[in-house]
Amino acid sequence: MNDEERIAYLAGEPGVEAGPDERAELDDLRALLADPALWAEPSPDLDDRVVAAVAEASIGSVIGTAPAPGAQQPVRRNRGRAALTGGLVAAAAIIVAVVLVLSGGGKPPVQFTAALQGTALSPGARGEATLTKMTGGWRVTLNATGLPRLANGRFYEAWLKNHKGVLVPIGTFNQPTNVTLWAGVPPTSFPTLTVTRQLANGDAASSGERVLVGVARPAR
Amino acid sequence: MVAGDVAVGFVRGEPDAVRAVYKDYGKLVYAVAFKVLGDRSLAEEATQETFVRAWRGAGSYDPSRELGPWLATIARRTAIDVHRRSARRAHSPLDEETPGLVELPPSVERAYDVWEVRRAVEQLAPEDAELVRLQHLEGLTQSEVAQRLALPLGTVKSRSFRAHRRLAGLLGHLRDDPAEPRAAERRTQFAEEPPR
């Protein structure tokens, strides 16, 4: 079988004969080309989640909750001296971390932003949200225009959603002006931010009446 | 292949550099994870974790070597770990099976080949890659591809031949040919223990 015939067989052209060995080899390659894994496409926002996950790990290493790149396991030494040295290093690390946190120095905070768009229920609405990683969770500041104030048992509720559709409520409000909300889940795994209209009727589930939608991305 | 300064930026966790590395290798990492795990959500989890592990293990990366094979090894190992975690979550502690013993899916063995073939497909022109996808994944004949893409059959035939010739050239090293020892060598490297 010459190269032209091999390629024709690989391309599935009819009437091309191949010996058993060559056929097995080419069929193996054809099977790989037909493998769904080969053609599987990740979610378009996976790059943002990867960037955020590395940024999060990077911040973790600065404040001492995660190993830094190339971190090695400590080598066992003289126990007394190692304990003393370890204690001093730990104390120094804590002081540095406290100073960094209090002074706001070091790396900038981990932040995500989401440009929010109105839906068919609120075509003129627009807004933006900033999500900042804090010790207690993610602080979400939200501002939007084009939405009326809701009251008398009607209110807005914001949610973070993951790619499986799981919704986590992050707070309620009457008017989306300088609203501060708190999220206990990270935008790295719950990247979609939505705002719904709700009724205080004892049903805590989302009404499904979305008025704002956006995807949180790492702030540049 | 990413430039050296991008690799350095990746080690520092700089968002632009991480994004650049993801742009070059993200889909390859995802393909390996999907091959091992067979699940979109778990594959995405494994992809995220692969990049975090790569960043953490950057001290063991030799900048003079290509980043891809190093990432591929981490991707395979991470996918196996995600598979094990997922399998353990699926079993209750009261299961009679030996706890902690999780069988690896046979697809792990082909993870290297998927990486290599995907890399080759990504080097095709997008319209040629789509043609190859329609032929192999969707199982269309060349006539059906011509109909689907509204192209003359002759054009489909010549483009198909060109695309497969390029693939055959790019994937020659996958052949189990004694004169071509790179495949076995690369498979061994791929299965080596990566940084954790």
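A residue is described as buried if 20 or more other C-beta atoms lie within 10 Å of its own, as exposed if 12 or fewer do, and as partly exposed in between, with C-beta atoms placed from the backbone. In chain B, buried residues make up 39% of the 196 residues. The model is predicted, and local features need pLDDT of at least 70, side-chain atom pairs count only at pLDDT 80 or more, and totals for chains, interfaces and linings use all residues. Residues are numbered from 1 along each chain as its sequence is written, while chains are lettered from A and ligands numbered from 1 in the order in which they are written.

Helices (H or I, at least four residues) and strands (E, at least two) were taken as DSSP runs, numbered from the N terminus. Chain B contains 9 helices and 0 strands, giving the pattern α-α-α-α-α-α-α-α-α along the sequence. Two residues are in contact if their C-beta atoms, placed from the backbone, lie within 7 Å. Of the contacts in chain B with a separation of 6 or more, 64% join residues 24 or more positions apart.

Helix H5 of chain B (residues 111-122) has 12 residues and reaches 16 Å from its first C-alpha to its last, close to the 16 Å expected; the expected span is 1.5 Å times one less than the number of residues. Because 10 of its 12 residues are buried, H5(B) is largely enclosed by the rest of the structure. Among these buried residues are B:Tyr112, B:Trp115 and B:Arg118. By contrast, B:Glu127, in helix H6 (residues 126-136) of chain B, is exposed, because 11 other C-beta atoms lie within 10 Å. B:Glu127 and B:Arg159 are 32 residues apart in sequence and 9.0 Å apart in space, C-alpha to C-alpha.

Between the chains, 40 residues of chain B are in contact with 35 residues of chain A. Helices H2 (15-37), H3 (40-56), H5, H6 and H8 (153-170) of chain B each supply at least two residues of the side that touches chain A, and H2(B) gives the most, with 10 residues. By class, this side of chain B has 19 nonpolar, 11 polar and 10 charged residues. In this classification, Ala, Val, Leu, Ile, Met, Phe, Trp, Tyr, Cys and Pro count as nonpolar, Asp, Glu, Lys and Arg as charged, and the others, Gly among them, as polar.

A nonpolar core is a set of buried Ala, Val, Leu, Ile, Met, Phe, Trp, Tyr and Cys residues joined through C-beta atoms within 7 Å. The largest such core has 91 residues, and those with the most contacts inside it are A:Val54, B:Val32 and B:Ala33. H2(B) contributes the largest share of this core, 14 residues. Apart from its neighbours within four places in sequence, B:Ala33 is in contact with B:Ala43, B:Ala46, B:Thr47, B:Ala75 and B:Ala79.

In chain A, the buried residues of helix H1 (residues 3-10) are A:Ile7, A:Ala8, A:Tyr9 and A:Leu10. Their cover includes helix H2 (20-33) of chain A together with H8 of chain B. H1(A) is followed by A:Gly12, whose phi is positive, near 80°.

Chain A also holds paired strands, where pairing requires that DSSP finds at least two bridges between two strands. Strand S4 (residues 154-161) of chain A pairs in the antiparallel sense with strand S7 (residues 192-199) of chain A over 8 bridges, and A:Arg154 stands opposite A:Leu199 in S7(A). S4(A) also pairs with strand S5 (residues 167-173) of chain A, in the antiparallel sense over 6 bridges.
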